[in-house]
Amino acid sequence: MILKGETVILEKIEKNFAETAVVRDVSIAVQAGEFLSLLGPSGSGKTTLLMMIAGFEAPNRGRISVGTRDITFEAPNKRNVGMVFQRYALFPHMTVAQNIAFPLRMRRCSRAQARDRVDAMLAMVRLEGFADRLPQQLSGGQQQRVAVARALVAEPPVLLMDEPLSALDKKLRETMQLEIKRIQKRLGVTVVYVTHDQEEALTMSDRVAVMADGELMQVGAPIDLYHRPANAFVAGFIGKMN
Ligand code: ADP
């Protein structure tokens, strides 16, 4: 299975909740196949920005496109983006295989095709033999692998992840970071990854977009942010590695 990433272009995105601007004039061009993290403290607008790419929130201003398609106001299920949430959000009454196959239900996909796709995804996330288990019979890391498999089964060119590892302990988090990178490289999918963890953003990303208070402070490769922070906020935030 070879996927191909697509560009994600955000142009002058603004979002208000009631009177408050929580995302202000954000423009970013994510390259096809790039791993870009949105990094910033809690409340800086990262999740809101991701929700606008996913289609669960609409911007008050600006434009979002994937490849050449303007998706600003397209329904979430028409956008062709995969999404992994912070807390796996697996269906508890469905088996692993049923969870992974779920996005294929809406598509024209025969049972045999669906079974092949699920098997391929199980192999990719290294969960062969777990197809018939229920989510509660899996560890946190295994559940998160199922969530990754489900997000990718319909072969979206873009994968969005919202703090997917924050519920895991440090050791498992490191293993899963490597696993996600391995899968992303192999598939060539474009990833937008939300995290408040500097270390995670710097080790996983091609580029990091630093946000504070709804604004984009700087977008750059990890090494550039580290050596040439654009302002005191970026310097302070990137500097406080554990
Ligand atoms: P982050 O992901 O960086 O922690 P969020 O995007 O979740 O930040 O939140 C940014 C700001 O928007 C916060 O002040 C939050 O309280 C506010 N906010 C987020 N979602 C809503 C909502 N549905 N209604 C009102 N305010 C919201």
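Visitor: What makes E4 and E5 a hairpin?

Guide: In this predicted model, two residues lie between E4 and E5. Two bridges join E4 to strand E5 (residues 69-70), and the two run antiparallel. At least two bridges are needed for strands to pair, and E4 and E5 have two; therefore they count as paired. In the turn, Gly67 has a positive phi of about 60 degrees.

Visitor: Which residue of E5 is the bridge partner of Val66?

Guide: The bridge partner of Val66 is Arg69.

Visitor: How do you know that strand E1 and strand E4 pair?

Guide: Strand E1 (residues 8-17) is joined to strand E4 (residues 61-66) by five bridges. The requirement is at least two, so the strands pair, and they run antiparallel. Glu14 stands opposite Arg61 in E4, and Leu10 stands opposite Ile64 in E4.

Visitor: What holds strands of a sheet together as pairs?

Guide: Strands of a sheet pair through backbone hydrogen bonds, in either a parallel or an antiparallel manner.

Visitor: Why are E2 and E5 called edge strands?

Guide: The open sheet has four strands in the order E2-E1-E4-E5, with antiparallel pairing. Strand E2 (20-30) and E5 each pair on one side only, and these are the edge strands.

Visitor: Which residues are around the ligand, and of what class are they?

Guide: The residues around the ligand are Phe17, Val22, Gly40, Ser42, Gly43, Ser44, Gly45, Lys46, Thr47 and Thr48. By class, this shell has two nonpolar, seven polar and one charged residues. Phe and Val count as nonpolar and Lys as charged, while Gly is among the polar residues.

Visitor: Is Ile183 buried or exposed, and how do you know?

Guide: Ile183 has 21 other C-beta atoms within 10 Å. A residue is buried if that count is 20 or more; therefore Ile183 is buried. Ile183 is found in helix H5 (residues 170-187).

Visitor: Which residues is Ile183 in contact with, leaving aside its neighbours within four places in sequence?

Guide: With those neighbours left aside, Ile183 is in contact with Met124 and Val148. Contact requires C-beta atoms to lie within 7 Å.

Visitor: How many residues apart in sequence are Ile183 and Leu202, and how far apart are they in space?

Guide: Ile183 and Leu202 are 19 residues apart in sequence and 18 Å apart in space, C-alpha to C-alpha.

Notes
Residues are numbered from 1 along each chain as its sequence is written. This is a predicted model: local features need pLDDT of at least 70, side-chain atom pairs count only at pLDDT 80 or more; totals for chains, interfaces and linings use all residues. A residue is near a molecule or strand if its C-beta atom, placed from the backbone, lies within 6 Å of it. A residue is buried if 20 or more other C-beta atoms lie within 10 Å of its own, exposed if 12 or fewer, and partly exposed in between; C-beta atoms are placed from the backbone. Two residues are in contact if their C-beta atoms, placed from the backbone, lie within 7 Å.
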